[in-house]
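Dear colleague,

Please find below the structure that I am passing on to you, followed by an account of what was found in it.

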Amino acid sequence: MLAITFVVASIVVSCRGQIGEADRLDLEHTPTQRTFDMFAVQTQNGHVSMRLESALMEHFDTDSASFDTFPEGLSVFGYTQEGLLESVIVADNARHIVPKDRKKDEIWEAFGNVIMHNVIEQETMETDTIYWDQAKKELYTDCYVKIYSPQGFLQGFGMRSDDHVRNSILYRPFDGYGVVVQDSTAVIIDSVNFIGPFPKK
């Protein structure tokens, strides 16, 4: 009889301990899902328009929104309608927020050593934080930005471009320079999309 009483008491204590752990669980800081080696493809009219890759994605749910975080970095590849790789965006960290209030827009943000490269135009931008407005198909930031291109170097605060890193506008530029004289015989090859043998130098 004593043994039975002891076993029952142990079960009660054990259950109480588990309930206490559940009560202390903070759902806002505990992922409900973790995905390793994430690979996602977005298509438009049957063609790949975007590809996302990340070593780790964590999904969270709160009362106001659900959101995905990419604590080990995110890489985004954008393609033209012809299927050519046009843009590459990489960052140390990223977050995708979907508000439960449908009147509010989704928010994509990438931060930490953000590099945006337009493969076709050979233009590269570097900044600390970038936001992506999916509805407007626009990338923007108010942070310090450096832009490298065959035409020269620009830097300033604040930038807007489309989501394929084209037609970028730099706000509040300073201390930039342009290439005034260029070799008209120079050929810039898109090494990512190029098919065939590279010309000998």
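How many salt bridges does the structure hold? There are 7 salt bridges, a salt bridge being a side-chain nitrogen of Lys or Arg within 4 Å of a carboxyl oxygen of Asp or Glu. Please note that this is a predicted model, in which local features need pLDDT of at least 70 and side-chain atom pairs count only at pLDDT 80 or more, while totals for chains, interfaces and linings use all residues. Residues are numbered from 1 along each chain as its sequence is written, and side-chain values use heavy atoms, with hydrogens and water left out.

Salt bridges

Glutamate 53 and arginine 51 are joined through their side chains by a salt bridge of 2.8 Å, N to O. Burial is given here by relative accessible area (buried under 20%, exposed over 50%, partly exposed in between; 1.4 Å probe, protein chains only). Arginine 51 is buried at 19%, whereas glutamate 53 is partly exposed at 27%. Arginine 51 also lies over the face of phenylalanine 77, at 4.0 Å from the ring centre; a charge sits over a ring if NZ of Lys or CZ of Arg is within 6 Å of the ring centre and within 35 degrees of the ring normal.

A further salt bridge links arginine 160 with aspartate 142, with 3.9 Å between the closest N and O atoms. Arginine 160 belongs to strand 10 (residues 152–162) and aspartate 142 to strand 9 (residues 138–149), so the pair ties together parts that are 18 residues apart in sequence. Strands (E, at least two residues) are DSSP runs, numbered from the N terminus. Aspartate 142 is exposed, at 57%, and arginine 160 is partly exposed, at 22%.

Arginine 166 and aspartate 162 form a salt bridge of 2.8 Å, N to O. Salt bridges with shared partners join Glu86, Asp162 and Arg166 into one network.

Aromatic pairs

The structure holds 8 aromatic pairs. Rings of Phe, Tyr and Trp (its six-membered ring) pair if their centres lie within 6.5 Å; planes under 30 degrees apart count as stacked, over 60 as edge-to-face and the rest as tilted. One of the pairs, phenylalanine 70 with tryptophan 108, is stacked, at 6.0 Å centre to centre and 20° between the planes. Both phenylalanine 70 and tryptophan 108 are buried. Together with Trp132, Phe70 and Trp108 form one aromatic cluster.

Cavity and pocket

A search of the whole structure finds 1 cavity of 30 Å³ or more. On a 1 Å grid over the protein atoms alone, a cavity is a set of points where a 1.4 Å probe fits but cannot get out, and a pocket is an open set with protein on both sides within 12 Å along at least five of seven lines; lining residues have an atom within 4 Å of a point. Grid points are joined across faces, edges and corners, and a volume is the space filled by probe spheres set on the points.

The largest cavity holds about 220 Å³ of space. It is lined by 19 residues, of which Val76, Ile89, Ala110, Trp132 and Leu139 are the closest to its centre.

The largest pocket holds about 410 Å³. Its lining has 18 residues, and Gln44, Ser49, Tyr79, Lys137 and His164 are the closest to its centre. Strand 2 gives the most to this lining, with 4 residues.

With kind regards
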